[in-house]
Amino acid sequence: MERKIKPNGIYKHFKGDYMYVIGVGKHTETMEDVVVYTHKGKIWVRPVDMFLGEVDHEKYPDVKQKYRFEEVDKE
């Protein structure tokens, strides 16, 4: 199953923080897809591939979460 970014979604970072995804945009020079999200009052962007990527379990062996960011049910 292909994972997709959901605008207005809440995502949990594997280190425990929560992010609100505004949407997906394009880098003006490279045309790379980037996720636009807020965290602690700031707006951030990250390449979609990195946002959807898996946690490096060699570097973080104790992390149970499979993906770097995982969508959280809003309810």
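This is a predicted model: local features need pLDDT of at least 70, side-chain atom pairs count only at pLDDT 80 or more; totals for chains, interfaces and linings use all residues.
Residues are numbered from 1 along each chain as its sequence is written, and side-chain values use heavy atoms, with hydrogens and water left out.**Exercise 1. Work out which way the side chains of strand S1 point, and which of them are buried.**

Step 1: Find the strand. S1 covers residues 10-13; strands here are DSSP runs of E with at least two residues, helices are runs of H or I with at least four, and both are numbered from the N terminus.

Step 2: Sort the residues. Buried means under 20% relative accessible area, exposed over 50%, and partly exposed in between (1.4 Å probe, protein chains only).

**Exercise 1. Find the strands that pair with S1.**

Step 1: Start with S2, residues 18-26. It pairs with S1 in the antiparallel sense over three bridges; two strands count as paired if DSSP finds at least two bridges between them. Tyrosine 11 has methionine 19 as its bridge partner in S2.

Step 2: Look at the turn. Four residues lie between the strands of this hairpin, and glycine 16 takes a positive phi near 115°.

Step 3: Move on to S5, residues 69-72. Four bridges join S5 to S1, and these two run antiparallel. Here isoleucine 10 stands opposite valine 72.

**Exercise 2. Describe how the rings of tyrosine 37 and phenylalanine 51 are arranged.**

Step 1: Know what to look for. A pair of aromatic rings is described by the distance of the centres and the angle of the planes. Rings of Phe, Tyr and Trp (its six-membered ring) pair if their centres lie within 6.5 Å; planes under 30 degrees apart count as stacked, over 60 as edge-to-face and the rest as tilted. The structure has five aromatic pairs by this rule.

Step 2: Apply that here. The centres of tyrosine 37 and phenylalanine 51 are 5.8 Å apart and the planes stand at 55°, so this pair is tilted.

Step 3: Check burial. Tyrosine 37 has a relative accessible area of 5%, so it's buried; phenylalanine 51 is buried too, at 0%.

Step 4: Widen the view. Tyr11, Tyr37, Phe51 and Phe69 form one aromatic cluster.

**Exercise 3. Track down the two salt bridges.**

Step 1: Take glutamate 71 and lysine 6. They form a salt bridge with the closest N and O atoms 3.4 Å apart; the rule asks for a side-chain nitrogen of Lys or Arg within 4 Å of a carboxyl oxygen of Asp or Glu.

Step 2: See what it joins. Glutamate 71 is in strand S5 and lysine 6 in the segment before S1, so to link them is to link distant parts of the chain, 65 residues apart.

Step 3: Glutamate 71 is partly exposed at 39% relative accessibility, and lysine 6 is partly exposed at 45%.

Step 4: Lysine 26 and aspartate 33 meet through their side chains at 2.7 Å, N to O. Aspartate 33 is partly exposed, with a relative accessible area of 35%.
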